[in-house]
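Here is a briefing on a predicted model. Please read it with the structure open.

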Amino acid sequence: MSNNDPLHGVTLKMMLTELEEAYGWVELAKRIRINCFSNDPSINSSLKFLRRTPWARNKVEGLYLEFKAEVPQASKSGIWPTLNK
């Protein structure tokens, strides 16, 4: 049985950790304007906010899906997406 949900098995912590490693807090704060990314950011404080704020979590999930779509394309072409950390 196949699950078509691209986020199946991916936790919010996994998404946030991967995005932070790829983009850094400064770039995350530019892409998604929420205080937990710009004011003394941390994985734990961001998780706490995102778990109780559905609109912000949706934005993080959307960015994560965009990020994951870029990585396979870039590896095929030999050009990696510009990730500013």
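Buried means under 20% relative accessible area, and exposed means over 50%, with partly exposed in between. Glu-61 has a relative accessible area of 17%, so this residue counts as buried.

**Glu-61 and its partner**

- Glu-61 sits in helix H4, which covers residues 54-77.
- Leaving out residues up to four places away in sequence, Glu-61 touches Leu-7 and Met-15.
- Glu-61 also makes a salt bridge with Arg-57, where the closest N and O atoms are 2.9 Å apart.
- Both residues of this pair, Glu-61 and Arg-57, lie in helix H4. They are 4 residues apart, about one turn of the helix.
- An α-helix has 3.6 residues a turn, so residues three or four places apart point the same way.
- Arg-57 has a relative accessible area of 27%, so Arg-57 is partly exposed.

**The other salt bridges**

- The structure holds 3 salt bridges.
- Glu-18 pairs with Lys-68, and their closest N and O atoms are 2.7 Å apart.
- That pair links distant parts of the chain: Glu-18 is in helix H1 and Lys-68 is in helix H4, 50 residues apart.
- Glu-18 is partly exposed at a relative accessible area of 26%. Lys-68 is partly exposed too, at 35%.
- Arg-31 and Glu-27 meet through their side chains in a salt bridge, with 2.8 Å from N to O.
- Arg-31 and Glu-27 both belong to helix H1 and lie 4 residues apart, about one turn of the helix.
- Is each end of this pair buried or partly exposed? Glu-27 is buried, because its relative accessible area is 14%. Arg-31 counts as partly exposed, because its relative accessibility is 39%.
- Side chains of opposite charge can pair when their charged atoms come close.

**Helix H1: a kinked helix**

- How far does H1 span between its end C-alpha atoms? The span is only 17 Å, whereas a straight helix of 20 residues would span 28 Å at 1.5 Å a residue.
- H1 has a kink of about 100°, centred on Gly-24.
- Gly-24 is among the buried residues of H1. Others in that set include Tyr-23, Trp-25, Glu-20 and Glu-27.

**The largest nonpolar core**

- The largest nonpolar core has 22 residues. Leu-19, Leu-28, Ile-34, Phe-37, Leu-50 and Val-60 touch the most other members.
- The elements giving two or more residues to this core are helix H1 (12-31), helix H2 (35-38), helix H3 (43-51) and H4.
- H1 supplies the largest share of this core, 9 residues.
- Which residues does Leu-50 contact, leaving aside its neighbours within four places in sequence? They are Leu-12, Leu-16, Ile-34, Phe-37, Ala-56, Arg-57 and Val-60.

**Pro-41 in a loop**

- Pro-41 is placed in the loop between H2 and H3.
- Its relative accessibility is 27%, so Pro-41 counts as partly exposed.
- Pro-41 touches Trp-25 and Cys-36, not counting residues up to four places away in sequence.
- The C-alpha atoms of Pro-41 and Val-26 are separated by 9.3 Å, and these two residues are 15 residues apart along the chain.

Conventions: Residues numbered from 1 in each chain as written. Predicted model: local features only at pLDDT ≥ 70, side-chain atom pairs only at ≥ 80, totals over all residues. Heavy atoms only, no water. Contact = heavy atoms within 4.5 Å. Core = buried A, V, L, I, M, F, W, Y, C linked by side-chain atoms within 4.5 Å. Buried < 20%, exposed > 50% of the residue type's maximum accessible area, 1.4 Å probe, protein only. Expected span 1.5 Å × (residues − 1). Bend = angle between axes of the 7 residues up to and from the residue. Salt bridge = Lys/Arg side-chain N within 4 Å of Asp/Glu carboxyl O.
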